[in-house]
Amino acid sequence: MSSINAKSYAKVVENGVQAVKEVEELRRTGYTDDQIFVLAHDGDRTDRIADAAAASEVGLKEEGVMNSVANLFRSRGDELRAKITSLGFSDNEADFYEKELDLGKVLVIAKQNP
C-alpha cells in the first residue's frame, strides 16, 4: 500500500531490497537523501537498510526534542507510531503502517520540505 498526502508519501515494501529500489526511484523523482526515510520494526534492520539505501532515519530534527526523549520510554510499536506521525501521517495511518512493520515489512517515506 502507498499513501500520499500534501506533505508525505509512504510505501510499504516486503524487504530491504525493495526498499532500496524504492529509495532510488524517489531520488529519480527529485527527493533528496534528507527527505527520504526508512523504517523497519527492528532498529538494527532500519539502520542496515538506511545505510544500504543512503536514506535517513527519523530523528531529532523530524520528531522534536520531546518526542525523542519520550521514545526512550516507549515500546517499539509506540515509538514507530510516533515517528510516523512526526512525518505528517494521521494516528490511523501510523497504526496501519506499524502493523505492517510488525509483519516484517519495511516502510519507505518521502517528506517534502515545508
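Let me begin with Glu98, which touches His41, Gly77, Leu80, Arg81 and Ile84, leaving aside residues up to four places away in sequence, where touching, or contact, means heavy atoms within 4.5 Å. What we are looking at is a predicted model, in which local features need pLDDT of at least 70 and side-chain atom pairs count only at pLDDT 80 or more, while totals for chains, interfaces and linings use all residues. Residues are numbered from 1 along each chain as its sequence is written, and side-chain values use heavy atoms, with hydrogens and water left out.

Staying with Glu98, its place is in helix 6, and helices here are DSSP runs of H or I with at least four residues, strands being runs of E with at least two, both numbered from the N terminus. Glu98 is buried, with a relative accessible area of 6%; buried means under 20% relative accessible area, exposed over 50%, and partly exposed in between, using a 1.4 Å probe and protein chains only. The side chains of Glu98 and His41 are joined by a polar contact of 3.4 Å, that is, a pair of N or O atoms within 3.5 Å, where within protein one must be able to donate a hydrogen and the other to accept it, and where residues adjacent in sequence count only if both atoms are side-chain atoms. From Glu98 to Arg76 there are 22 residues in sequence and 9.6 Å in space, C-alpha to C-alpha.

Let me now step back to the whole chain. The protein chain has six helices and four strands, and from the N terminus on its elements run β-β-α-β-α-α-α-α-α-β. Of its 114 residues, 44% count as buried.

How do helix 5 and helix 6 cross? The axes of helix 5, residues 76–86, and helix 6 come within 9 Å and cross at roughly 130 degrees, the axes being lines fitted to C-alpha atoms, for helices over the stretch in contact, with angles running from 0 to 180 degrees between N-to-C directions. The two helices, helix 5 and helix 6, are therefore oblique to each other, given that angles under 35 degrees count as roughly parallel, over 145 as roughly antiparallel, 65 to 115 as roughly perpendicular and the rest as oblique. Helix 5 contributes Gly77, Leu80, Arg81, Ile84 and Thr85 to the contact, and helix 6 contributes Asp91, Ala94, Asp95, Tyr97, Glu98 and Leu101. Among the buried residues of helix 5 are Gly77, Leu80 and Ile84, and just after this helix Gly88 takes a positive phi of about 105 degrees.

Turning to the other pair, the axes of helix 1, residues 16–28, and helix 2, residues 43–53, come within 9 Å and cross at roughly 45 degrees. Helix 1 and helix 2 are therefore oblique to each other. Their contact is made by Gly16, Ala19, Val20, Val23 and Arg27 of helix 1 together with Arg45, Ile49, Ala52 and Ala53 of helix 2.

Finally, where does Lys105 sit? Lys105 is found in the loop between helix 6 (91–102) and strand 4 (106–111), and Lys105 is buried, with a relative accessible area of 19%. A polar contact of 3.0 Å joins its side chain to that of Glu100, and the residues that Lys105 touches, not counting those up to four places away in sequence, include Val12, Leu39 and Arg45.
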